[in-house]
Amino acid sequence: MFDLSGKTALVTGATGGIGGEIAKTLHARGASVALSGTRKEKLDVLVEELGERAFAVPCNLSDAEETSALVGKAEEALGAGLDILVANAGITRDGLLMRMKEEDFETVLNVNLQSYFRLAKSCMRGMMKRKSGRIIGITSIVGVTGNPGQTNYAASKAGMIGFSKSLAQEVASRNITVNCVAPGFIASPMTDELNEAQKTHILSSIPAGKLGEGADIAAAVAYLASNEAGYMTGQTLHVNGGMAML
Amino acid sequence: MADVIERVKKIVVERLEVEADKVVEAATFQEDLGADSLDLVELVMAFEEEFAIEIPDEVQEQINSVGDAVKFITERV
């Protein structure tokens, strides 16, 4: 089950906590992986750790041209067309709306949502030709529930879900699936920044009583990437310890 | 020109799975040949490959019939 041998994958934001786990999991299941991130050194460390079938393709997703060229770069490194796109990279610029600068909104939408559009678009031609493909967007629970201080981030994540549902309908007949995974609170450098009171408060809202791990998200991604998930499209898998049941 | 017509027809017959005698120059892809919008994109991709040309998005929108495709391709190859 969920064997990815012979498949190729591009994972953006691979230097982050969740992205790194996704990369490791897809790789462990047999996929060749192209890993993108802004921190070149961290990418190289991860690539070295994975060994064969892993390639670094650094990219700054706030740059439109660089982003549109990324899939091509990944395919060149992988030596084959791209089977699986995991759009995982994301940034936050939190703040109450009353204090949020136009730029904070734009930057988050650009990096989180518009890059998803650019990446998915540049995969399309090859996937249409091969009549197969997996596009997986890593969104967030806050894209569905909202979160004060994150109007920009929540909008970008909700946008990914709407985008995925629309694209899923466009290309379903070509055996290309488009799905999202929506993590709840996952232990990461981002959640490490929360103080104890915030953490206690968060945990009280999670029936599972603990934060999730990157591997929990990676497992959902591995499923969606697999042949077995061929009939699953336009969906969002919520992996959140029961924090929100949708 | 005759060669382009034949190659275009062959692609259309294969891609849209239609009878060859329906693929006349006046036939429109969507109304007459039953293509959906995604089929159109695929057809254009197939033309690009067959004739080793690039068909820009603005032009794609104007290619509605077999004749349109033949005309554009003939101008390019």
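**Ser32(A) and its neighbours**

I looked up what Ser32(A) touches, leaving out residues up to four places away in sequence: Lys7(A), Thr8(A), Ala9(A), Arg53(A) and Leu78(A). Contact here means heavy atoms within 4.5 Å. Ser32(A) sits in strand β2 of chain A, residues 32-35; strands are DSSP runs of E, at least two residues, numbered from the N terminus.

**A note on the model**

This is a predicted model, in which local features need pLDDT of at least 70 and side-chain atom pairs pLDDT 80 or more, while totals for chains, interfaces and linings use all residues. Residues count from 1 along each chain as written, chains are lettered from A in the order written, and side-chain values use heavy atoms, without hydrogens or water.

**Where chain B meets chain A**

Next I went to the interface, where eight residues of chain B are in contact with eight of chain A. Which three residues supply 68% of the area that chain B buries against chain A? I found Leu38(B), Glu42(B) and Met45(B), more than any other three. The two chains bury about 730 Å² between them, 46% of it on carbon and sulfur atoms; that is accessible area (1.4 Å probe) lost on being put together, summed over both.

**Salt bridges**

I then found five salt bridges across this interface (a side-chain nitrogen of Lys or Arg within 4 Å of a carboxyl oxygen of Asp or Glu). Arg174(A) makes one with Asp39(B), with the closest N and O atoms 2.6 Å apart.

Key. Helix = DSSP H or I, 4+ residues; strand = E, 2+ residues; numbered from the N terminus.
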